[in-house]
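Here's a quick tour of a protein for someone meeting it for the first time. Have a look at the model, then read on.

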Amino acid sequence: MEPKLDIDGSMVDSCHQSAQRITDDVWRAIAAKTTLSVERTIVRLLGIDGVDPNGVPIPNILVGHVQDRGGLASGIAYHLGNAMVQTGRSPQDIAKLVSARELDLVALPRGAPDELRRAVRDEAARTMQELRRRRAERTQWRASLDEQPTPHAYVLTATGNVYEDVAHARAVADAGGDIVAMIRSTAQSLLDYVPYGPTTEGHGGTFATQENFRIMREAMDDWSRANGRYVRLSSFCSGLCMPEIAAMGAIEGLDNMVNDALYGILYRDINIVRTLIDQSFSRRLNGYFGIVINTGEDNYLRTADAVTAAPSVVASQFINYHLARRSGVPDDQIGLGNAFEIHPTVTNGLLYEWAQAQLTRELFPNCPVKFMPPTKHMDGDLFRTQAVDTLFNLLAVATEQRIQTIGVPTEGLFTPHIHDRVIGMANVRYVANTARELAGEIRFRPGGIIQRRAVEVLADAESLLAEIAAGGLFAALQAGTFGNVSRRLTDGRGAEGMVDIDDQYFNPYLELMEESLDA
């Protein structure tokens with residue numbers, strides 16, 4: 001896109017350098033650890049699935065079995081590979097034997113390290129090749145269908161019942177939606193397991209399960225075939241099962257995943273280190289399998305003032321960007337977050353919003369920024385909320401956003417009905433069409449309000465990133481730097497789910513993906 005803000009390139013370089021130092025520190029802190037969810041992800045990718053007679057997921061049983069016997073420091077792949085060599089059985093058969101208490105993985109005689117590693121790596125390579133084949137087929141099929149110009153309209157479904165979500169998703173597609181997002185049931189991010197099968201009850205959303213993903217993906221593919229236009233599918237890849245949900249998304253062909261490095265820490269009080277370990281592997285999977293991630297900087301503006309918190313949003317964008325790049329996610333799959341959340345009564349608020357949106361686009365020109373609608377200050381006045389959403393929609397076009405979550409008149413009052421979303425979509429489409437070439441027609445007054453605001457925010461972000469790089473991300477999180485929320489390194493949910501790894505540990509999928517990227 002054409003730069004319009006006249007920002008100093010050396011400031012941008014400085015921000016990147018600080019964010020890189022922060023990322024290096026994070027990687028050193030997580031390098032010698034794994035988590036229960038990372039190990040369960042390896043299990044799922046090897047094709048192990050299902051529940052026992054009590055409804056407990058077999059991946060949880062298998063990893064818990066090794067953990068309870070003190071063997072998880074070597075990794076689940078080590079023990080599965082050894083069992084494959086010793087028994088000649090498949091990973092799923094081994095898991096069933098463990099679930100039935102007919103096999104103790106840790107008690108088995110240990111085979112030659114090279115042999116057991118080769119056994120599980122060969123199986124991992126086979127499953128990865130199959131997933132890559134299916135992803136390539138989907139990419140080719142998507143290219144054969146029409147897609148609407150960006151910004152792609154990102155629309156939520158959140159009924160709690162996957163079959164009702166399908167009805168809502170079809171209505172979204174009929175109304176012109178481009179991306180259907182399955183909102184998870186409230187607090188699923190705090191479950192240290194993934195529910196199994198289709199679900200019909202949930203509060204504020206529908207549970208993220210592999211079967212629910214399959215049902216929604218099939219419904220949207222059917223609609224796409226019938227209408228000649230591809231509709232993308234998104235869900236939430238965060239919480240205590242972040243990498244598992246990334247794996248499920250890859251298996252079932254999702255296109256987008258909300259995957260933020262800090263959201264679970266700040267807004268779900270999940271342990272800092274646990275979250276950063278899980279996000280690194282989940283993003284590796286998303287990047288490798290072509291899934292666009294969406295980060296969550298918009299959330300800071302719901303717990304902090306949007307005018308004063310703007311530099312922390314930009315700082316977080318740089319951190320999220322470099323953490324994603326370190327995990328192998330290319331620029332065109334890093335959907336950084338931004339939001340239109342300045343209070344409607346602020347004089348020149350629209351100009352400040354314009355400056356922030358334009359700044360994000362120019363700082364990350366190759367990233368599909370996800371622009372979020374106003375929610376914090378929506379008060380039930382449907383006429384005002386529609387007017388505010390219209391301004392938001394106008395800025396999405398004027399600043400060349402690529403992913404736009406639509407606003408609805410009843411935002412913040414309750415989970416929107418289908419007709420609320422249809423009204424929101426009509427507004428989006430009207431503005432996108434009537435102002436299609438607006439971005440190319442606009443230049444900002446040198447030294448004017450928009451340029452000054454963008455430079456001020458970037459300068460403050462540069463200083464903040466330098467401060468974080470000097471003191472470390474963990475100290476910044478404790479200081480409440482992001483969203484005015486403070487978290488301590490030793491606190492938070494899921495800390496008991498971290499494991500220090502030993503010299504025998506290996507993650508076959510991580511190894512294979514890294515080798516592929518290096519080739």
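## Around Leu 473

Skip the neighbours within four places in sequence, and Leu 473 is in contact (heavy atoms within 4.5 Å) with Ile 22, Val 26, Leu 262, Leu 276, Ile 319, Ile 468 and Phe 482.

Leu 473 and Phe 482 touch the most other members of the largest nonpolar core, which has 147 residues. A nonpolar core here is a set of buried Ala, Val, Leu, Ile, Met, Phe, Trp, Tyr and Cys residues joined through side-chain atoms within 4.5 Å. Buried means under 20% relative accessible area, with a 1.4 Å probe and protein chains only.

## Where the model comes from

This is a predicted model: local features need pLDDT of at least 70 and side-chain atom pairs count only at pLDDT 80 or more, while totals for chains, interfaces and linings use all residues. Residues are numbered from 1 along each chain as its sequence is written, and side-chain values use heavy atoms, leaving out hydrogens and water.

## The whole protein

You'll find 20 helices and eleven strands in the protein, taken as DSSP runs (H or I of at least four residues for helices, E of at least two for strands) and numbered from the N terminus. The C-alpha atoms fill a box of roughly 75 × 55 × 40 Å along the principal axes.

Of the 519 residues, 60% count as buried. Among contacts between residues at least 6 apart in sequence, 77% join residues at least 24 apart.

Terms used:
Buried means under 20% relative accessible area, exposed over 50%, partly exposed in between (1.4 Å probe, protein chains only).
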